[in-house]
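Welcome, and thanks for taking a look. Please have the viewer open as you read, so that each place can be followed on screen.

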Amino acid sequence: MGGRPGIAALIALAALGGGWTFEPAAAPTPASEAESPMPAENPRPAENGNPRPGDRPRPPETPRPAVLRIASTVTPDPMIIGAESVYTLTVTNLGNGDATDAVITDVLDQNVSPGPLPGDCLLTNRTITCGGPGLTIPAGQRIVYDIPVTTEPTLQDGTKLTNRAHITALDTNPAETRLLTRTQARADLELRNSAATSPGGTITYTLTVTNHGPSQATDVTVQGPGQAKQPSECGQGRSCPLGPLAPDESRTLTYTIAPGTTGLIETCATVHAAARDDRTADNSSCARTMVEPAQPPSQSPAPAPPQPAPSPSHHERQAVQEDKGAGPARHEPRQDDSGTPPAAARAEEPDVPPPAHHRDDTTELPLTGASVWMLGLGVAVLMAIGLLVRFFSRQERDDAGRPS
């Protein structure tokens, strides 16, 4: 054995260990390397789909779990105060595995109210919960929820609202998002102006201000018609501050004016507020009024009030005096060819009631200019007639006494 020392050494080792086995040079790959997910370097191509002798076996791929992300947006942005907005929640699965039993929660701001919710969503206080057992989000896909909300109409312009959304599922990490949105006030104001004229010539203007929303209008101010008397609630000046005006609320103001001219008079009024108004065409209104000139007083005398025992008129008394022989017969004024009495006859003289002591039957004759003239004429006529009668009577007597 002196020529082969290696054989003696092997016999000694086998006697000490007792478990050693001989393995060919092409020993199998260690187990630690077989479990590695990394493939062997420069693998030889397989023949007919079968691995070549000595190739490392490829382990089966282990799918990655679901990876969820959630995003929140709102339309419109900024949100209109008093109007409806829509929160859109988008959940995306970025992993290689499905997300099962997914639950989406949305926590609303205290200044908004939810509208009709999707079918699988519930509202608890101010938290909306959607999905739950049975909701699966496949790998590489997404799911979208629309949550309608309405902001309070009394919010101040520029108020910021917060919305928080959260997503959970089995065997995956949760995700959440937070959205901060600014608000904007918009109020559609309308002004109507109507006018009416009273018999005394005073014009009354009625102004009606209406807020059609959706937001509450703040610092509402009306500029009334010029030269008009302000309502008591407006104070001094043409500007009339009304303060806030809620959606669908109206206020009415009344102005009066006494115009110094006649004809067509046009007056205008306007309204404005601190809130934005996209329709300004109806923020002003004008009214036209026709003022007629004053009618002159009537020339005919007013009728005398009825008396218990009316006394005879002047002409009636004159007729009675003539019947008694106190004067000549009354002569009516002669008309011309056109049938119109002379100007002196057309002028009517109002009847003046006689004094109290002349109301009884009396023979006194009122001493007016026409009566004295007619009385003098009557006396002259009677005297002339008497003289003629005496003249003809004497002539007859003289003729009778002469011898034939």
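## A pair across two strands

Ser113 stands opposite Thr150 in β8. Strand β8 (residues 142-151) pairs with β5 in the antiparallel sense, over three bridges; pairing here requires that DSSP finds at least two bridges between two strands. This is a predicted model, in which local features need pLDDT of at least 70, side-chain atom pairs count only at pLDDT 80 or more, and totals for chains, interfaces and linings use all residues. Residues are numbered from 1 along each chain as its sequence is written, and side-chain values use heavy atoms, with hydrogens and water left out.

## The open sheet

Four strands make up an open, antiparallel sheet, in the order β1-β3-β8-β5. At its edges are β1 (68-75) and β5 (112-114), each with a single partner strand, so one side of each has no neighbour in the sheet. On average, neighbouring strands of this sheet are turned by 30° against each other, direction ignored (axes are lines fitted to C-alpha atoms, and angles run from 0 to 180 degrees between N-to-C directions).

## Around Asp188

Asp188 lies in strand β11 (residues 187-197); strands are DSSP runs of E with at least two residues, and helices are runs of H or I with at least four, numbered from the N terminus. Asp188 counts as buried because its relative accessibility is 12%, where buried means under 20% relative accessible area (1.4 Å probe, protein chains only). Leaving aside residues up to four places away in sequence, Asp188 touches Thr210, Asn211, His212, Gly213, Asp277, Arg279 and Asp282, a contact being heavy atoms within 4.5 Å.

## The whole chain

The chain has five helices and 17 strands. Of its 404 residues, 25% count as buried.

Terms used. Buried means under 20% relative accessible area, exposed over 50%, partly exposed in between (1.4 Å probe, protein chains only).
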